[in-house]
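I opened my notebook to record what I looked up in this structure. The entries follow the order in which I checked things.

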Amino acid sequence: MTKSDPSGARLGRLNTAHGAVDTPVFIPVGTAATVKGLPQAALEALGVQILLANTYHLYLRPGHELIRRMGGLHRFMSWKNAILTDSGGYQVFSLADLRKMTDEGVRFRSHLDGSEHLLTPEKAAEIQLALGSDIAMVLDECIETPAPRAAAEEALRRTTEWARRSRRYCQEYASRNGEIAQLQFGIVQGATFADLRRESAQQLVDLHFAGYAVGGLAVGEPHELTCEMTSEVTALLPNDRPRYLMGVGKPEDLADYVSRGIDMMDCVLPTRAARHGCLYTSQGRVLIRNVRYAEDPRPIDENCTCEVCARYSRAYLRHLYLAGELLSAILNTHHNVRFYAELMRRIREAIAAGKLVQFAGALREQLVGAPA
Ligand SMILES: [Zn+2]
């Protein structure tokens with residue numbers, strides 16, 4: 001961390017085995033070792049310093065052992081910057097069939113071919129070591145929200161126990177094979193119960209992770225509650241470790257999370273929305289299929305300096321979208337990834353100037369036209 005804002009926002013630099021990442025950062029999602037629609041060279045040109053890849057998808061296809069044999073994920077996908085992998089747990093809970101949870105792990109059937117698998121904390125760590133990501137997440141138990149307190153307590157107990165086993169697995173691996181460059185992050189759970197969030201954070205801090213994530217938030221609860229729970233957690237985390245709020249968020253919310261002491265965020269929103277013709281602009285969202293853009297010669301966003309906005313009109317982009325052309329997804333994704341990258345650059349600028357809170361308020365007003 002190099003500077004903090006009166007709000008609690010932090011400006012920093014996260015050093016990984018594949019370069020430094022300026023924080024706070026928004027991490028684009030490259031589910032199956034690709035950000036859908038954007039070649040790696042385009043991501044580099046957009047200044048992307050870190051990508052997220054999904055362990056569940058890569059484990060099932062093409063398989064982590066194949067990726068290991070191909071020299072690891074960086075070489076396999078030809079990406080020289082940092083990669084963060086999740087544990088696979090979230091996709092098991094959301095995509096796979098026949099999940100059976102025990103203290104040992106979670107048994108599931110592949111959504112691709114129905115084959116049966118057991119994901120344990122040790123297995124999740126092993127797969128991520130084979131992939132060779134720069135940042136690995138521990139397996140945690142994701143529960144549905146709103147959760148009754150008893151379910152949240154049970155998930156918290158299991159999450160801490162799994163975090164302990166994950167930590168032990170990596171420490172033993174390192175003692176056998178020499179020090180590993182991969183940074184392992186713990187994940188704080190506890191649903192929307194402040195005391196459980198604090199308990200979870202404290203238990204994980206005692207395990208000395210390289211960084212800490214906040215999981216299970218922004219899953220339908222009010223935005224204020226997400227922010228409140230985030231603050232409860234970040235207040236207890238060590239200052240010199242990165243904090244990562246998983247699975248967020250909407251452009252108008254990003255500065256709020258950063259002001260709660262968050263350094264890293266990821267979400268499929270900008271890339272998935274792009275493929276559905278939803279474009280983010282400095283004036284709010286543009287749904288490109290709308291008939292009002294049929295003969296609109298303006299770029300998506302007159303304040304955007306991306307190559308899509310420099311070259312193409314809304315009318316053309318609408319036509320590509322309605323015609324189901326491949327180029328539609330490519331151009332839309334390019335613009336949205338750029339929009340998020342630029343937004344994060346402005347957030348870092350605001351922290352440097354000590355004005356993040358004012359920036360966050362102005363941003364929300366500009367993007368959604370009303371205070372939260
Ligand atoms: Zn643009």
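**Entry 1: terms and model.** Before placing any residue, I noted that helices are DSSP runs of H or I with at least four residues, numbered from the N terminus. I also noted that the model is predicted.

**Entry 2: R158.** I looked up R158 and found that it lies in helix α7. Is R158 buried or exposed? I took buried to mean under 20% relative accessible area. R158 has a relative accessible area of 11%, so I put it down as buried. Leaving out residues up to four places away in sequence, I listed its contacts as M101, T102, D103 and E141.

**Entry 3: L118.** I placed L118 in strand β9, residues 116-119. Its relative accessible area is 24%, and therefore I wrote it down as partly exposed. Apart from residues up to four places away in sequence, L118 touches E104, G105, V106, R107 and K123. I also checked L118 against K100: the two are 18 residues apart in sequence, and their C-alpha atoms are 9.2 Å apart in space.

**Entry 4: helix α8.** I checked the length of α8, which covers residues 194-205. With 12 residues at 1.5 Å a residue, α8 should span 16 Å, and I found its end C-alpha atoms 17 Å apart, which agrees. Which residues of α8 are buried? I listed L196, R197, S200, A201, L204 and V205. Looking down the axis of α8, I saw that the buried residues fall within an arc of 165°, so they line one face of the helix. I then looked for what these buried residues pack against, and noted α7 (149-177), β11 (183-188), β12 (211-214) and α9 (223-234).

**Entry 5: helix α15.** I listed L356, F359, A360, L363, R364 and L367 as buried in α15. They cover an arc of only 130° around the axis, which puts them on the same side of α15. On the other side of α15, I found V357, Q358 and E365 exposed. The cover over the buried residues of α15 includes α9, α10 (251-259), β15, β16 (284-287) and α14. After α15 comes G369, and I noted its positive phi, near 80°.

**Entry 6: the zinc ion.** Which residues coordinate the zinc ion? I found C304, C306 and C309, each through SG, and H335 through ND1, at 2.1 to 2.3 Å. The 4 donor atoms subtend angles of 99 to 119° around the zinc ion, which makes the arrangement tetrahedral. For comparison, I wrote down that the ideal angle for four tetrahedral donors is 109.5 degrees. In sequence, I read the spacing of the donor residues as C-x1-C-x2-C-x25-H. C309 lies in helix α12 (residues 307-311) and H335 in helix α14 (residues 326-352), so this pair ties together parts that are 26 residues apart in sequence. I noted both C309 and H335 as buried.

**Entry 7: aromatic pairs.** How many aromatic pairs does the structure hold? I have 7 in my notes. One of them is F209 with Y212, an edge-to-face pair with 6.2 Å centre to centre and 85° between the planes. F209 is at 0% relative accessibility and counts as buried. Y212, at 1%, also counts as buried. I then turned to Y280 and F339: their ring centres are 6.4 Å apart and their planes are at 25°, so the pair is stacked. This pair links distant parts of the chain, with Y280 in strand β15 (residues 278-281) and F339 in helix α14, 59 residues apart. I noted Y280 and F339 as buried. I also recorded one aromatic cluster formed by F26, Y280, F339 and Y340.

**Entry 8: backbone.** I found a cis peptide bond between R61 and P62, with omega about 10°. P62 lies in the loop between α2 (55-60) and α3 (64-69). The peptide bond from T145 to P146 is cis as well, with omega near -5°. I placed P146 in the loop between β10 (135-137) and α7. A191 is not a glycine, but I read a positive phi of about 50° for it. A191 is in the loop between β11 and α8, and at 5% relative accessibility it counts as buried.

How values were computed: Residues are numbered from 1 along each chain as its sequence is written. This is a predicted model: local features need pLDDT of at least 70, side-chain atom pairs count only at pLDDT 80 or more; totals for chains, interfaces and linings use all residues. Side-chain values use heavy atoms; hydrogens and water are left out. Helices (H or I, at least four residues) and strands (E, at least two) are DSSP runs, numbered from the N terminus. The expected span of a helix is 1.5 Å times one less than its number of residues. Buried means under 20% relative accessible area, exposed over 50%, partly exposed in between (1.4 Å probe, protein chains only). The arc is that of the directions from the helix axis to the C-beta atoms. Contact means heavy atoms within 4.5 Å. Donors are N, O and S atoms within 2.8 Å of the metal (3.2 Å for Na, K and Ca); water is not among the atoms, so sites may look incomplete. Four donors count as tetrahedral if all angles lie between 85 and 135 degrees; four count as square planar and six as octahedral if opposite donors are over 155 degrees apart and all others between 65 and 115; anything else is irregular. Rings of Phe, Tyr and Trp (its six-membered ring) pair if their centres lie within 6.5 Å; planes under 30 degrees apart count as stacked, over 60 as edge-to-face and the rest as tilted.
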